[in-house]
Amino acid sequence: KNIVIFASGTGSNAENIIHYFKNNTSKSVVAVFSNNSNAKVVQKAKKLGVPSVIFNKDELYGDFVLSKLIELKPDLIVLAGFLLKFPEHIIATFPNKIVNIHPALLPNYGGKGMYGKHVHQAVLDNKETETGITIHFVNEHYDEGRIILQEKTSISDCRTAEEVADKVHKLEYRFFPKTIDQLI
Ligand code: GRF
């Protein structure tokens, strides 16, 4: 079974997922797709022996990315810190095969512009005592697809967005690979 990951940034989730499936004989990460050739995720993938596919916006919303995906026959497409709107023609081609992870408890703290530190800062500003992660299917609206899994963590001891991010990342590392495994 083939897993493809889309990521735009650091790629610590991508790295963790690649590690998780490294010794699996039936499921593996076959490529990392990124819109940013300088992203750390691209170096990480290279180090771990996973090929990357780099593309620009025109190639994402045009034919290039779709045709690469069709070649790779993904059983699951995983968005892990992918910051561009996912194209509708790709969603339509792979129904129920595209998942995203969001670093908060949707439907709260989701939508356009709600990513990374912005999310964690908004959570702190609202004096929330807990936050969490949401793994969900991707549809044509940001962060609105059907929810697959949510996990919570207490943040009453957190003072900064970095501290919240740390706790959320721990949940992501623990639950995202497992959920991908189960979905496939
Ligand atoms: C994660 O917190 C994920 O939930 C969000 O973007 C972040 C990516 O972090 N969508 P990394 O690039 O995997 O380190």
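**The sheet and a helix packed on it**

Modeller: Seven strands form an open sheet in the order E3-E2-E1-E4-E5-E6-E7, with mixed pairing; two strands pair if DSSP finds at least two bridges between them. Strands (E, at least two residues) and helices (H or I, at least four) are DSSP runs numbered from the N terminus. The model is predicted: local features need pLDDT of at least 70 and side-chain atom pairs 80 or more, while totals for chains, interfaces and linings use all residues. Residues are numbered from 1 along each chain as its sequence is written.

Biologist: Which residue of E6 is the bridge partner of Val 99?

Modeller: E5 (98-102) is joined to E6 (residues 130-137) by four bridges, and the two run antiparallel. In E6, the partner of Val 99 is Phe 137.

Biologist: Which residues of helix H1 are buried?

Modeller: A residue is buried if 20 or more other C-beta atoms, placed from the backbone, lie within 10 Å of its own. H1 packs on the sheet, touching E1, E2, E4 and E5. Cover for its buried residues also includes helices H2 (40-47) and H7 (161-183), a contact being two C-beta atoms within 7 Å. In H1 (residues 12-21), the buried residues are Asn 13, Ala 14, Glu 15, Ile 17 and Ile 18.

Conventions. Buried ≥ 20, exposed ≤ 12 C-beta atoms within 10 Å, placed from the backbone. Axes fitted to C-alpha atoms, helices over the stretch in contact; angles between N-to-C directions.
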